[in-house]
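Here are my notes on this one, point by point. Have the model open while you read.

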Amino acid sequence: MKSKIKYSRFATITTVAIFLILFVGCIASLAEKPMFFILLSIYLFMFVLALLYGVAYLKSDENYVVLGSILKKRKIAMRDIESVELFQPSMGAVRLFASGGFMGYWGLFKEGDVGRYYGFYGKASDCFLVRMKNGDKYVLGCDRPDTMVEYIRQHISPAA
């Protein structure tokens, strides 16, 4: 089962604004070589980050939940999942090492009631919480979270 991730309005505006500001900055600084190369380096760095870590899709089969970016995939084994439930992260979550809107929401977050978790979603209203047997937590999102939660529940191993 594969599901696309839709970005919130804020994430879309943030992503477009960052790329647009850096692009315009590069064009405007063409005459001033050092500034141009600094801005171009930042632009390319942000572009590579977007390709490697930007939220693109969520895919699930009987063995894995796959967190997909454009160039990178991260797999979570179904056998390691303890539980899954619908969840809506608050906007008050603290970013420990995370993106709060650029190419979606991804990285390490901390929230009062859940604790520390890895986020990978486009908008908070489309999320669910995956609790791992080792204590790790993932807040994932896709355009059909209720269907994805039910699919994962059907395929996780019962606790031994």
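1. Starting with the overall fold: of the contacts in the protein chain with a separation of 6 or more, 53% are between residues 24 or more positions apart. Contact here means heavy atoms within 4.5 Å. Buried residues make up 45% of the 160 residues, where buried is under 20% relative accessible area, exposed is over 50% and partly exposed is in between (1.4 Å probe, protein chains only). Along the principal axes, the C-alpha atoms fill a box of roughly 65 × 30 × 25 Å.

2. Some bookkeeping before the details. This is a predicted model, with local features needing pLDDT of at least 70 and side-chain atom pairs counting only at pLDDT 80 or more, while totals for chains, interfaces and linings use all residues. Numbering starts from 1 along each chain as its sequence is written, and side-chain values use heavy atoms, leaving out hydrogens and water.

3. Secondary structure: the chain has three helices and ten strands, in the order β-α-α-β-β-β-β-β-β-β-β-β-α along the sequence. These are DSSP runs numbered from the N terminus (helices: H or I, at least four residues; strands: E, at least two).

4. How do helix H1 and helix H2 pack? H1 (residues 9-28) and H2 (residues 33-53) have their axes 9 Å apart, at an angle of about 155 degrees. Axes are lines fitted to C-alpha atoms, for helices over the stretch in contact, and angles run from 0 to 180 degrees between N-to-C directions. The two helices are therefore roughly antiparallel (under 35 degrees is roughly parallel, over 145 roughly antiparallel, 65 to 115 roughly perpendicular, the rest oblique).

5. The residues behind that contact include Ile-18, Phe-19 and Leu-22 of H1, with Phe-36, Leu-39 and Tyr-43 among those of H2. By class, the contact residues come out as 13 nonpolar, one polar and no charged. For the classes, Ala, Val, Leu, Ile, Met, Phe, Trp, Tyr, Cys and Pro are nonpolar, Asp, Glu, Lys and Arg are charged, and the others, Gly among them, are polar.

6. Now have a look at strand S7 (residues 104-111), which is mostly covered, with six of its eight residues buried. Seven bridges pair S7 with strand S6 (residues 94-101) in the antiparallel sense; pairing takes at least two DSSP bridges. Phe-97 has Leu-108 in S7 as its bridge partner. The S6–S7 hairpin leaves two residues between the strands, and Met-103 in the turn has a positive phi of about 60 degrees.

7. On to strand S8 (residues 115-121): seven bridges join S8 to S7, and the two run antiparallel. Glu-111 has Gly-115 in S8 as its bridge partner. S7 and S8 also form a hairpin, with three residues between them.
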